[in-house]
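Let's take a walk through this protein together, one stop at a time.

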Amino acid sequence: MNKPSIVLYKKLPADLHQRLEEHFAITEFDGITDKNRAEVFDALQNAEGLLGSGGKIDKELFDHAPRLRAVSTISVGYDNFDVAELTRREIPMMHTPTALTDTVADTVMALVLSTARRVVNVAERVKAGEWNENIGEDWFGIDVHHKTMGIVGMGRIGLALAQRAHFGFDMPILYNARSQHKEAEEKFGARKCELDELLKESDFVCILLPMTEQTFHLIGKEELAKMKSSAILVSAGRGPVIDEPALIEALKAGTIYGAGMDVFETEPLPKDSALLTLPNVVALPHIGSATHETRYDMAACAVDNLIAALKGDVKQFCVNPEVLKK
Ligand SMILES: NC(=O)C1=CN([C@@H]2O[C@H](COP(=O)(O)OP(=O)(O)OC[C@H]3O[C@@H](n4cnc5c(N)ncnc54)[C@H](OP(=O)(O)O)[C@@H]3O)[C@@H](O)[C@H]2O)C=CC1
Ligand SMILES: O=CC(=O)O
């Protein structure tokens, strides 16, 4: 019997590629871009599955995939997919939560620490040969321990961050989400509050929200103005949740102390972005989950997800489970 065809648009570790090959006939691309879209469309004509990460996965693409039965992304976020269109076509889509939760929380903590203690800025000065005598106050940062941690988006990653902040740094925790998160409250002493209160009271405001219509530019000029001038904003959910020009203004004006950022409105961050010129910004290239171990685990999860889905056996990690009930 012929194996089902799939389109793979992300390079996989050899063993995972082989596992996929045992089940499917693979047509492989290095991402889906404006340049190769037409070629991808051709390959999709026969494809029953789609697996990869990144790119714009929209209705036009699905229109070229008449046999598509399952989609699997190697990521937690799926804002680049037209999920409503997939659901309309009764196609399940799977993602890879849990595999990366701890690693992303570690990255957020790294941003908190490096921004507060000015790790990058100070290390660059050492490399530039500026450490010639006992350091003065111009090398100092601010404390992290015992300060108030504000977490916007108390989901999987928010919870893992709360654990680190509570047990590692004795930080009181405020959080904002749509629902109450008892585990965060009971295990880590977190208190749910309105966004306004969180912005006013927190020393670190960590944004861990998905990109949705409701979260687009949730943090803009007015919200930044509510933060303490000694506070730090950390952005690790999706770039467009923050109004970047407003953030740049706030950083330049000293409305807030600094920002640690792993995600941006445009990625890769344009070379002329003012964020690159500000000493109170730590900018990372969307490395939240980027460790060898975690990226492997995410890819393995996505491979398992696609194999299960094309067997009609989806048990977990489906972002549109309503299609499974039909
Ligand atoms: N920088 C990086 O490399 C990475 C970034 N991410 C991003 O992080 C996001 C979060 O991941 P994860 O924690 O696993 O996701 P979860 O779905 O577990 O958590 C999302 C949280 O956001 C809250 N939320 C959603 N919409 C709103 C809203 N309008 N107002 C207030 N709260 C809201 C949810 O609230 P409620 O609990 O009430 O539903 C939930 O607490 C991902 O969607 C992705 O975009 C993920 C991985 C890596
Ligand atoms: O940003 C990364 C993800 O997994 O989502």
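A polar contact, as used here, is a pair of N or O atoms within 3.5 Å; inside the protein, one atom must be able to donate a hydrogen and the other to accept it, and residues adjacent in sequence count only if both atoms are side-chain atoms. Before we use that, some ground rules. This is a predicted model, where local features need pLDDT of at least 70 and side-chain atom pairs count only at pLDDT 80 or more, while totals for chains, interfaces and linings use all residues. Residues are numbered from 1 along each chain as its sequence is written, chains are lettered from A and ligands numbered from 1 in the order in which they are written, and side-chain values use heavy atoms, leaving out hydrogens and water.

Start at ligand 1. Zoom in on His-181: one of its polar side-chain atoms sits 2.6 Å from an oxygen atom of the ligand. The side chain of Arg-238 also has an N or O atom 3.3 Å from an oxygen of ligand 1, and a polar backbone atom of Gly-288 is 3.3 Å from a ligand oxygen too. On its own, ligand 1 would expose 940 Å², and the protein buries 87% of that (areas come from the Shrake-Rupley method with a 1.4 Å probe).

Now follow Arg-238 over to ligand 2. An N or O atom in the side chain of Arg-238 lies 2.7 Å from an oxygen of ligand 2. Taken alone, ligand 2 exposes 190 Å², of which the protein buries 82%. Ser-75, Gly-77 and Leu-100 are also among the residues around ligand 2.

Next stop: helix α5, residues 101–116. (Helices are DSSP runs of H or I, at least four residues, numbered from the N terminus.) Helix α5 spans 23 Å from first C-alpha to last, close to the 22 Å expected at 1.5 Å a residue, where the expected span is 1.5 Å times one less than the number of residues. Val-104, Met-109 and Leu-111 are among the buried ones. Just past α5, Arg-118 takes a positive phi of about 55°.

Technical notes
Near = heavy atom within 4 Å. Helix = DSSP H or I, 4+ residues; strand = E, 2+ residues; numbered from the N terminus. Buried < 20%, exposed > 50% of the residue type's maximum accessible area, 1.4 Å probe, protein only.
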